[in-house]
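Please keep the sequence and the 3D view at hand while reading.

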Amino acid sequence: MKLRTGLLLGSAFLAGVVAGPDLGRLVTHHGLGMTIGSLIPAGGLMPAALADEAPTQNHAETYRLLTLFGDVFERVRADYVEPVTDRDLITNSLNGMLSGLDPHSAYMTEKQFADMQVQTKGEFGGLGLEVTGEDGLVKVISPMDGTPASRAGMKSGDLILSINSKSMDGISLNDAVERMRGEPGSKITLGIKRPGIDKPYDVTMTREIIHIQVIKSALYGRVGYIRVSQFNEETDPGLRAAYEKLSHQAGGHLSGLVLDLRNNPGGLLEQAVDVCDDFISSGEVVSTRARHPEDSQRMNAHGTDITDGAPLLVLINQGSASASEIVAGALQDHQRSITLGERSFGKGSVQTVIPIPGNGAIRLTTARYYTPSGRSIQGLGIAPDVSVQEDREDLSRFMPREADLDHIIKNQGGSQAKAPPRGDLPQIVKTIPDKPPANWPKFDLTKPSTDFQLQQGLKVIQAMITDRPTQHAGTP
């Protein structure tokens with residue numbers, strides 16, 4: 001694959017951290033993960049309809065347009081109300097060229113590129129808040145666990161109207177991210193408009209170095225619970241260590257496992273594949289289809305099921321995106337798990353990061369990805385096997401998803417829109433309510449008993465355990 005050094009699965013920006021994607025991460029040759037070139041080619045993956053030919057180039061027209069660009073450049077440099085550097089003008093032009101293609105392509109300065117690389121290490125400065133742009137506004141995707149944004153009560157769907165009393169009107173997403181950065185220990189006040197609340201209000205936070213705790217675990221009887229908040233370099237090793245710890249706490253045997261991918265904005269492709277390897281022994285995990293057939297790839301599982309086939313339940317919601325959708329989709333297509341919760345974000349594209357020595361990098365959408373059954377979730381998301389809302393009121397219309405973003409790429413090339421039909425769901429699924437009852441307690445992150453989706457998931461996995469055939473020793 002020419003000029004490519006890495007894959008990126010992302011769509012949001014990490015507020016106060018980096019003007020780069022958070023629904024995904026960089027994968028490079030430099031110890032950060034798997035490169036495209038190291039993946040197994042998938043011959044014949046892309047239909048001819050997807051292999052779009054480059055439009056016929058009219059060189060005279062191209063030169064005319066480049067002349068137009070030069071004329072505008074000179075006019076702005078000469079007559080803009082304030083002096084502006086050539087670097088700023090060119091950087092703004094590059095930003096416009098790439099961001100105008102789709103929501104996930106962008107130009108990154110040297111600092112933004114460096115910050116993105118640091119991000120994959122799991123430690124960086126900021127608020128721990130994933131945001132995206134929508135209709136000229138900055139909207140929250142989700143706060144990250146244990147960060148200033150999470151402790152301040154920020155929620156998915158919140159609109160950021162102002163930063164330190166300065167309006168966000170007319171401010172680009174890149175600029176908004178820059179303004180939310182700052183020295184650890186410094187305070188920042190965001191003006192927030194929350195769906196369902198009439199008046200905007202202020203939220204004050206203290207910036208700090210974000211240490212991402214990507215794995216959290218708990219034991220419910222003999223059922224393990226592992227929450228994955230991101231896919232960075234620590235994810236798969238942390239998941240394996242958490243499973244071993246839970247197994248030890250359960251006396252050497254776990255009856256089942258709940259894998260929580262809610263509000264997981266994505267991360268390293270390599271880590272998503274590795275996590276699938278933990279539960280799927282063989283078969284396709286994900287495929288990518290690029291403009292040119294020779295650039296298409298297929299990634300297969302080659303691991304050992306760490307649970308030895310124990311019942312597995314996956315929790316997802318509208319904040320589950322990118323790499324987390326790859327994992328949820330692979331487990332669902334292989335019918336290795338039951339998926340419970342709400343439809344996911346719907347990010348089905350791949351970005352390639354192309355470094356420009358001395359001038360940052362560009363993040364360019366170069367492929368679509370597909371689940372093992374060949375479906376594209378672009379703009380659609382992963383539909384859960386068991387639909388359960390987090391809140392009694394359906395707030396999904398306020399939550400940002402891929403389909404809500406401007407000029408997204410089309411969903412095409414997939415063999416189907418739905419997961420393969422399955423007849424192995426336990427009978428209890430028919431009795432699971434799709435939303436909390438009126439008297440359900442308000443959700444408290446520190447009290448799992450208030451987590452309605454988790455509690456319903458525990459009911460389902462207990463039924464899966466009960467329905468699982470008992471294995472008896474054979475007779476010699």
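This is a predicted model: local features need pLDDT of at least 70, side-chain atom pairs count only at pLDDT 80 or more; totals for chains, interfaces and linings use all residues.

Against which elements do the buried residues of H6 pack? They pack against strands E13, E14 and E15 and against helix H7 (269–277).

**The six-stranded sheet**

- The sheet is open and mixed in its pairing, with six strands in the order E13-E14-E15-E18-E19-E22.
- E13 (215–220) and E22 (386–387) are the edge strands; each has a single partner strand, so one side of each has no neighbour in the sheet.
- Within the sheet, E18 (residues 312–316) and E19 (residues 338–341) run parallel and are joined by four bridges.
- Ile316 has Gly341 in E19 as its bridge partner.

**Helix H6**

- H6 covers residues 235–249 and lies across E13, E14 (223–228) and E15 (256–260), at about 20° to E13.
- The 15 residues of H6 reach 21 Å from first C-alpha to last, close to the 21 Å expected at 1.5 Å a residue.
- The buried residues of H6 are Thr235, Asp236, Gly238, Leu239, Ala242, Tyr243, Leu246 and Ser247.
- An α-helix has 3.6 residues a turn, so residues three or four places apart point the same way.
- Gly251 follows H6 and has a positive phi, near 80°.

**Helix H8**

- H8 (residues 323–333) lies across E15, E18 and E19, and runs at about 140° to E18.
- In H8, 11 of the 11 residues are buried, so the helix is largely enclosed by the rest of the structure.
- Just after H8 comes Gln335, with a positive phi of about 50°.

**The largest pocket**

- The volume of the largest pocket is about 1400 Å³.
- The pocket is lined by 48 residues, and the closest to its centre are Lys155, Asn263, Glu390, Phe443 and Leu445.
- Two or more lining residues come from each of E7 (137–143), helix H4 (148–151), E13, E14 and helix H9 (452–467).
- E13 gives the largest share of the lining, four residues.

**Strand E7 and its partners**

- Six of the seven residues of E7 are buried, so this strand is largely enclosed by the rest of the structure.
- E6 (residues 129–134) pairs with E7 in the antiparallel sense over six bridges, and Glu130 stands opposite Ser142 in E7.
- E6 and E7 form a hairpin with two residues between them, and Asp135 in its turn has a positive phi of about 55°.
- E7 also pairs with E8 (residues 159–163), again in the antiparallel sense, over two bridges.
- In that pairing, Lys139 stands opposite Leu159 in E8.
- In a regular strand the side chains alternate between the two faces of the sheet.

Terms used: Residues are numbered from 1 along each chain as its sequence is written. Side-chain values use heavy atoms; hydrogens and water are left out. Two strands pair if DSSP finds at least two bridges between them. Contact means heavy atoms within 4.5 Å. Axes are lines fitted to C-alpha atoms, for helices over the stretch in contact, and angles run from 0 to 180 degrees between N-to-C directions. The expected span of a helix is 1.5 Å times one less than its number of residues. Buried means under 20% relative accessible area, exposed over 50%, partly exposed in between (1.4 Å probe, protein chains only). On a 1 Å grid over the protein atoms alone, a cavity is a set of points where a 1.4 Å probe fits but cannot get out, and a pocket is an open set with protein on both sides within 12 Å along at least five of seven lines; lining residues have an atom within 4 Å of a point. Grid points are joined across faces, edges and corners, and a volume is the space filled by probe spheres set on the points.
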